[in-house]
Amino acid sequence: MKFILTTIFMIMFAGILAVLFLYAQIRFDADKIIHYSPKLTTQIYDRNGELIANLFDEENRLFVEYKEIPARVIEALVATEDTSFFEHSGINLEAIFRALVKDLQAMKMVEGASTVTQQLIKNTVLTRQKTLSRKLNEAVLAYIVEAELSKEEILERYFNHVYFGHGYYGIKTAALGYFKKNLDALSIKEIAILVGLPKAPSSYDPTRHMDLSLSRANQVVNRMYTLGWISEAEYTKATLEHPVVYDETLTRNRAPYVVDEVVKAVGSEYDDLKKGGYQIYTTVDLKLQHLAQEALKVGYNGMASRAKDMNLSELNGAMVVMENGSGNVLALVGGIDYAKSSFNRATQSKRQPGSSFKPFIYQKALDWGYSPLSEIPDISRTFVNSETDEEWKPKNYENDFEGLITLKEALVHSRNLATINLLSILGLDSVYKELKKDGFKSLSMDLTLALGSFGISPLEFSSFYSMFPNYGVKTEPLLVKKVINRDGVEKVYETKSTTVTTPEQSFLMIDMMREVVKRGTGRNAQVAGIEIAGKTGTTNSNVDTWFCGFSPDIEIITWYGNDNNTPLKKGETGGRAAAPAFKYFMGKYLEMYPETTREFKMPEGVGSRKINGVIEYFTEQSPFPKVTIKQQQDEGGLMF
């Protein structure tokens, strides 16, 4: 007797455990639907709200709230899949009985009787297998879900979770993917195509089987007409319609170098970046991004045409376009062709800036009391390394020297010897320390610093160059403007600025760099109708070529070189290789934005004098060198 009671108790206990386990499993599955939190696609936009790219891991899904779903979409689904959806409690007993009869006649399961609620459950937590155990679980879950969610909440989950083929999860994703339309812009036939897809997404994919897709859609349209939910005119129009369907990549990545940098910038901050459904707004202008890519190819093609006998597989370039003042990165191109190389030369490549670095040496001279007309020696010297006894005898690009030359003329014609001598006069240690304070890293601690003998990326260089058009204020580049999470919470990003010099001292450099473009090494960067200032850069053996230029509103850093650091063809200087790309971009930019500022403004505290027919500028900190009374009388005296 005791054995029997023990056995009965054990059986009852096992049964209770089984029931509890089953309930726990069902409850777990129900909670996944009730507390629905799907993987959502993150979208990256440009500054004008244009979509740049979709980011996702496994499921490309854009969430749509119930209130955004048009009534026609709901009617099409209910008409086709579950006419009594708003009346039942999760299970349609009449449909089950009808399906049971057909299954018995066929002696196997041939027809389902799933409601929309059951279909949601099947797609979310169960399998598609037509087994009795799955059906029982599905029925229990349907009652639980219907008890805890409204019909509207069930439909919202259904339309967001179901797979619509072609990698599209959710009806909003499918509408934008197949038709490039929002849900409220869809025609009845387009709605019918989408609603018919979940039954067999691969078979009815309109990009692969348009005939089957249209046939299935016509069944949906016919059902809506039979129920009286659309008029005869609407029925006829929908039946005859043949919608345009697009077959595009899921990511829609229109600026891959930008997208890579955005992921790098915020990826560590958002662990679920590719499934969290973030909206990332960048500072990039897609029109300018495409223009920058085009301009970079113009420069590349020019170099290629002059080097027909050379291997061009290593030749590449980069361009960064930044808005003065705000630091907004308007365009960022890290290579000639992303498909061939995803390496981002605008951010990852550290190349020597060469002579494009010279303005920073000259700015220090101006800030320490020199004038643009101060004279420095442009003579040959031999320098000996005290530790290695190695000799260094630099030379000018033209292999000549001028003797004494003004700071302005030395910069305009990019005189190497004058710049090296200037650095030596100013004091290498002093200049080095000041440049480090300004933020420069990895500087060479010798006189080759005057020729830009250190590595820096174009994006990083753009930050330092911003101090010139910003009248002494260095601004860090800003690529991501704000991030909005799936709950609508915003995080706004702002740039950082540092004052390096005063507006009046910076203007002296702007004027010197204007002359570089007007009559110096940057002549190929001239653009009609706007003032341009900038500096060319060419390293030893033409390994790196730069043009760093700016207008009153924007700054453009352009670089070309071989990826393997081998020399370019002789004669490929910054003025010849990089400046034309700048010119092309700026010319097109003026056509796109004709309202852009055309002239640099002279700040207070800057004076001017006409010397030899040319207006020269000075400040209290950088006064003119002494001139004779006769010169002042001849040239009209001083002007403030």
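**Figure 1. The buried residues of helix α19 pack against α12 (286-305), β6 (315-323), β16 (533-538), β17 (544-550) and β18 (554-562).** The model shown here and in the other views is predicted. On α19, the buried residues are Gly574, Gly575, Ala577, Ala578, Ala579, Ala581, Phe582, Phe585, Met586, Tyr589 and Leu590. Helix α19 covers residues 574-592, and at 1.5 Å a residue its 19 residues should span 27 Å. The C-alpha atoms at its ends are 26 Å apart, which agrees with that expectation. At Pro580, α19 bends by about 25°.

**Figure 2. An open sheet of 5 strands has the order β7-β6-β18-β17-β16.** The pairing in this sheet is antiparallel. The edges are taken by β7 (329-333) and β16; each has a single partner strand, so one side of each is left without a neighbour in the sheet. From one strand to the next, the twist averages 5°. Strands β6, β16, β17 and β18 are among the elements that the buried residues of α19 pack against.

**Figure 3. Strands β16 and β17 run antiparallel and are joined by 6 bridges.** Gly534 stands opposite Gly549 in β17. Helix α18 (residues 503-519) lies across both β16 and β17. The direction of α18 is at about 65° to β16.

**Figure 4. Asn328 sits in the loop between β6 and β7.** Its relative accessibility is 12%, and Asn328 therefore counts as buried. Leaving aside neighbours within four places in sequence, Asn328 is in contact with Val321, Met322 and Glu323, and also with Thr283, Leu478 and Lys481.

**Figure 5. Strand β13 (residues 480-484) is joined to strand β5 (residues 279-282) by 4 bridges.** The strands β5 and β13 run antiparallel. Thr282 stands opposite Val480 in β13. The bridge partner of Ile280 is Val483, also in β13. In a regular strand the side chains alternate between the two faces of the sheet.

**Figure 6. Strand β13 and strand β14 (residues 490-492) pair in the antiparallel sense over 3 bridges.** Together β13 and β14 form a hairpin, with 5 residues between them. Gly488 lies in the turn and has a positive phi of about 85°. Lys482 has Val492 in β14 as its bridge partner.

**Figure 7. Lys482 lies in strand β13.** With a relative accessible area of 24%, Lys482 is partly exposed. Not counting residues up to four places away in sequence, Lys482 touches Gln279, Ile280 and Tyr281, as well as Glu490, Lys491, Val492 and Tyr493. Gln279 and Lys482 are 203 residues apart in sequence, but their C-alpha atoms are 8.2 Å apart in space.

**Figure 8. Helix α8 (residues 188-196) and helix α9 (residues 210-226) cross at roughly 105°.** The axes of the helices come within 8 Å. On the α8 side of the contact are Ile188, Lys189, Ala192, Ile193, Val195 and Gly196. These residues meet Ser213, Leu214, Arg216, Ala217, Asn218, Val220 and Val221 in α9.

**Figure 9. Gly196 is found in helix α8.** At 0% relative accessibility, Gly196 counts as buried. Leaving aside neighbours within four places in sequence, Gly196 is in contact with Tyr204, Arg216 and Val220. Of these, Arg216 and Val220 are in α9. Gly196 and Ser213 are 17 residues apart along the chain, and their C-alpha atoms are separated by 7.7 Å.

Conventions. Residues numbered from 1 in each chain as written. Predicted model: local features only at pLDDT ≥ 70, side-chain atom pairs only at ≥ 80, totals over all residues. Heavy atoms only, no water. Helix = DSSP H or I, 4+ residues; strand = E, 2+ residues; numbered from the N terminus. Expected span 1.5 Å × (residues − 1). Bend = angle between axes of the 7 residues up to and from the residue. Buried < 20%, exposed > 50% of the residue type's maximum accessible area, 1.4 Å probe, protein only. Contact = heavy atoms within 4.5 Å. Pairing = 2+ DSSP bridges. Axes fitted to C-alpha atoms, helices over the stretch in contact; angles between N-to-C directions.
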